[in-house]
Amino acid sequence: MSTGIYAVKSSNFPQWNRELLFRIMDNIHDVVLVIDTDTTIVYANEAYARILGVPVEKVLGRRLDQIEPKAEAITLMRSGKSCHMGRDYLDSLGIDVIGSSFLLNDGHRIMGCVSIFKNISEVIELSRELEQTRGVADYLKEQLQQWEQLPLSFKEYVGQNSTLKETLVLAAKVAKTDSTVLIRGESGVGKEVLAKAVHNSSRRKDKPLIKVNCAAIPDNLIESELFGYEDGAFTGAKKGGKLGKFELAHGGTIFLDEIGDMSITMQAKLLRVLQEKEIERVGGTKTIKVDIRVIAATNRDLESMIQEGTFRRDLYYRLNIVPLNLVPLRERKDDIVALAKTFLNRFARELGHELTLSSQVLRFFQEYDWPGNIREIQNVLEHASIVCSGTIIEMYHLPKQILHLNDDQLSARNKSQTVKEIVAALEKELILSALADNNNNRTKAMKELGFSRRVFYDKLHRYGIN
């Protein structure tokens, strides 16, 4: 059986020759590459330079097995198969291509191989963006379902505490950058709320904010959860693979909550992502670049964990670029009344009638240490607003456990307090309450309390009210 170019003879068409053949191939829009049996590149068309960005003269005469040792053309010659069609990845250029390769022979022996392909990196990137959009939509849907099951949560910080203000000012500054942020504070102080505020004030605010609770994901699942996995990576893997949280956050922010609970093995892998800005899916071999801003949070003593060998020192320094420390509620006594009234107003709107706190409850709130912080005061008021059948919340409307927990503390304090101290504490409560009721308008609060201007400002100074 003869091989070669099939054509009919024509007096108006020149005879086939090498120059004419190359001219035809130079007008093909796809890349055409020809190698001999030693994998030496003997021909590359003009599309090679246009599509791959490499001048043809730089590759002619070079061996393909030294440039791209995993090329399908080389595999084809070694296997003896006649042709191959499909997708490939060029490691030397970092691009995805699709096309076909076929062997050249003279009927007796293999003379080389021809590859014809096109760059599909843009298509792959568009596909990835589409997959990310779908993944983010699914993620947000899951989050919405979870939020619908949770009690009402505040969306912004309430308070005038000077330490809190300093933290928020620093947070507003760092939000404008892409610097990694580490939020530290006890459970319930509002670390996630601050993470959202930083994201929403950043240039990435229109991109996803993806949350990962490092303490809630089992060690054997956290890698695939963070980095995703390829099709068939493990038993039970989703067909077609799945994007991880880092890919879902591409272009936006990833919030790693409870980072102190991450295993030492995963800490090493996270450190690599932070340094290289690239991931590798479980079961995959290709690195994927990710553009993300990292916000981490913890209630753990990371410095002690470093000494114990349970937290990597290098990861600590990588995360702790801009630390934001949220003080516990017991150190924000001046914000308790404002916080309580904010939550109470929201619960009152839900119930459809006004709710207020009795003076005894207000004093109790100031005396209590709030070990559960903002989350605890929210839950206590939600309980009380449901139990209360009237408009004034009294002590007996509060959860029993909070009263028992505070009995010894209150008893000890009441014994040691003088009448003057008790009056001063109540007076401070009334001033804070009046300021909160009047949106911090001091003139209105002063008139409501019946103080002269000099007396009112003297008391503000005495009680440290800013």
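This briefing covers strand pairing and salt bridges in the structure above. The structure is a predicted model, in which local features need pLDDT of at least 70, side-chain atom pairs count only at pLDDT 80 or more, and totals for chains, interfaces and linings use all residues. Residues are numbered from 1 along each chain as its sequence is written, and side-chain values use heavy atoms, with hydrogens and water left out. Strand 5 (residues 110-119) pairs with strand 1 and with strand 4. A search of the whole structure finds 22 salt bridges.

**Strand pairing**

- Helices (H or I, at least four residues) and strands (E, at least two) are DSSP runs, numbered from the N terminus; two strands pair if DSSP finds at least two bridges between them.
- Cysteine 113 in strand 5 stands opposite leucine 103.
- The hairpin of strand 4 and strand 5 has 4 residues between the strands, and glycine 107 takes a positive phi near 100° there.

**Salt bridges at aspartate 178**

- A salt bridge here is a side-chain nitrogen of Lys or Arg within 4 Å of a carboxyl oxygen of Asp or Glu.
- Aspartate 178 meets arginine 203 in a salt bridge at 2.4 Å, N to O.
- Because arginine 203 lies in the loop between helix 7 (191-200) and strand 7 (209-213), and aspartate 178 in the loop between helix 6 (162-175) and strand 6 (181-184), this pair ties together parts that are 25 residues apart in sequence.
- Aspartate 178 also forms a salt bridge with arginine 204 (3.0 Å, N to O).
- Arginine 204 lies in the loop between helix 7 and strand 7, so its pairing with aspartate 178 ties together parts that are 26 residues apart in sequence.
- Burial is classed by relative accessible area: buried is under 20%, exposed is over 50%, and partly exposed is in between (1.4 Å probe, protein chains only).
- Arginine 203 is exposed at 58%, aspartate 178 is partly exposed at 34%, and arginine 204 is buried at 2%.

**Salt bridge between aspartate 261 and arginine 300**

- The side chains of aspartate 261 and arginine 300 meet at 3.0 Å, N to O.
- This pair links distant parts of the chain, 39 residues apart: aspartate 261 is in the loop between strand 10 (253-257) and helix 10 (264-276), and arginine 300 in the loop between strand 13 (293-298) and helix 11 (302-308).
- Aspartate 261 is partly exposed at 33% relative accessibility, and arginine 300 is partly exposed at 33%.

**Network**

- Salt bridges that share partners join Asp178, Arg203, Arg204 and Asp291 into one network.
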